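Please look at the sequence and the model below before reading on. The paragraphs that follow lead from the strands to the aromatic rings and then to the core.

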Amino acid sequence: MTSVILLAAEKESAEVTDWAARIGWVIGLILFVALVYWLMREGWKWRGTLQGDLPELPSAPEEPGEARLTMEGRYHGSTTAGQWLDRIVAHGLGTRSRVELTLTDAGLDVVRPGAADFFVPAAALREARLDKGIAGKVLTEGGLLVVTWAHGEKLIDSGFRSDRAAEHNAWVTTLNDMINKMEGAR
């Protein structure tokens, strides 16, 4: 028993003898990570350049009217309609953030603290549905409120998640009723 304890006490870690090689590897790894990060950032900026034909986002009118629905939650981004992985980054639409949504007869007011706010006029609204994902965010089935709207020549899907997911169904119903009434009036 004593010999086992002595053997265990004798085993020590080997001393590091080649500090220069280890430091070189660490610096190389840090430079590699920095290069990957820089390439990702350049790709994001390039995507924004490619989407430069997207017009400026409308801002909310001075008097939008009485609120039909309000919601607080998260904005998860916007994509080209029907292509849930084709993220739109132009005009800040790719920036995830907290969100306060307000639906009025004038349209959908999207207020994003720390990011660019925008307004979707009622005439631009096309559809509302529950979905499970949008570029970079996948949730349980029906965990995401997706609003489809027209902007310029492009149809856009914007994804929102309420702090109280039970609100999603009321939003889908109200938005689709509002869209159907507007289409009937045209």
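In which sense do β9 and β10 pair, and over how many bridges? The two strands are antiparallel and are joined by seven bridges, where strands and helices are DSSP runs numbered from the N terminus (strands are E runs of at least two residues, helices H or I runs of at least four), and two strands are said to pair if DSSP finds at least two bridges between them. This is a predicted model, in which local features need pLDDT of at least 70 and side-chain atom pairs count only at pLDDT 80 or more, while totals for chains, interfaces and linings use all residues. Residues are numbered from 1 along each chain as its sequence is written, and side-chain values use heavy atoms, with hydrogens and water left out.

β9 is mostly covered, since eight of its eight residues are buried, buried meaning under 20% relative accessible area, with exposed over 50% and partly exposed in between (1.4 Å probe, protein chains only). From this strand L144, V146, T148 and A150 point one way, whereas L145, V147, W149 and H151 point the other way, and all of them are buried.

Another set of strands can be followed from β1. This strand pairs with strand β3 (residues 97-104) in the antiparallel sense over seven bridges, and the bridge partner of Y75 in β3 is S97. β3 in turn is joined by five bridges to strand β4 (residues 107-111), the two running antiparallel, with G107 in β4 as the bridge partner of T104. A hairpin of two residues joins β3 to β4.

The structure holds three aromatic pairs, counted for rings of Phe, Tyr and Trp (its six-membered ring) whose centres lie within 6.5 Å, with planes under 30 degrees apart called stacked, over 60 edge-to-face and the rest tilted. Y75 and F118 form an edge-to-face pair, at 6.1 Å centre to centre and 70° between the planes. This pair links distant parts of the chain, as Y75 lies in strand β1 (residues 69-80) and F118 in strand β5 (residues 118-121), 43 residues apart. Both Y75 and F118 are buried. Y75 and F160 form a tilted pair, at 5.6 Å centre to centre and 50° between the planes, and this pair also links distant parts of the chain, with F160 in strand β10 (residues 154-162), 85 residues from Y75. Y75, F118, W149 and F160 form one aromatic cluster.

Leaving aside its neighbours within four places in sequence, W171 is in contact (heavy atoms within 4.5 Å) with residues including L69, M71, L101, L103, L108 and L145.
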